[in-house]
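Visitor: I would like to go through the sheet and helix packing here, with the reason for each label.

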Amino acid sequence: MNSYSNSSAPLAHTVPEACRRLGISRTTIYQLIANGGLRSFKIGARTLIPEEDLHNFIAKQLAQSQEGKA
């Protein structure tokens with residue numbers, strides 16, 4: 001089980017929710033989806049992004065930031 005697991009937390013987020021969680025724009029979210037930085041799936045008209053991908057994105061950004069400082 002991941003340390004960020006919480007049974008009451010959603011497993012996936014809509015684009016506006018993901019924008020709020022990451023503090024980035026809607027355009028940036030869609031660019032990340034298009035270039036493979038975030039996975040997404042559709043249910044009806046809604047685009048959803050897995051919670052795990054938000055955590056993985058942050059971890060990857062932190063790792064890249066640390067590499068740049070070394």
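**Sheet and helices**

Guide: Three strands form an open sheet in the order β1-β3-β2, with antiparallel pairing. This is a predicted model, in which local features need pLDDT of at least 70, side-chain atom pairs count only at pLDDT 80 or more, and totals for chains, interfaces and linings use all residues. Residues are numbered from 1 along each chain as its sequence is written, and side-chain values use heavy atoms, with hydrogens and water left out.

Visitor: What makes β1 and β2 edge strands?

Guide: β1 (12-14) and β2 (41-43) each pair on one side only. Strands are DSSP runs of E with at least two residues, helices are runs of H or I with at least four, and both are numbered from the N terminus.

Visitor: How do you know that β1 pairs with β3?

Guide: Pairing requires that DSSP finds at least two bridges between two strands. Three bridges join β1 to β3 (residues 46-50), so the two count as paired, and they run antiparallel. Ala12 stands opposite Pro50 in β3.

Visitor: Why is α1 called roughly parallel to α3?

Guide: The axes of α1 and α3 (residues 51-69) cross at roughly 30° and come within 11 Å. Axes are lines fitted to C-alpha atoms, for helices over the stretch in contact, and angles run from 0 to 180 degrees between N-to-C directions. Angles under 35 degrees count as roughly parallel, over 145 as roughly antiparallel, 65 to 115 as roughly perpendicular and the rest as oblique. The crossing angle therefore makes α1 roughly parallel to α3.

Visitor: Which residues of α1 make the contact?

Guide: Ala18, Arg21 and Leu22 of α1 meet Glu51, Leu54, His55, Phe57 and Ile58 of α3, where contact means heavy atoms within 4.5 Å.
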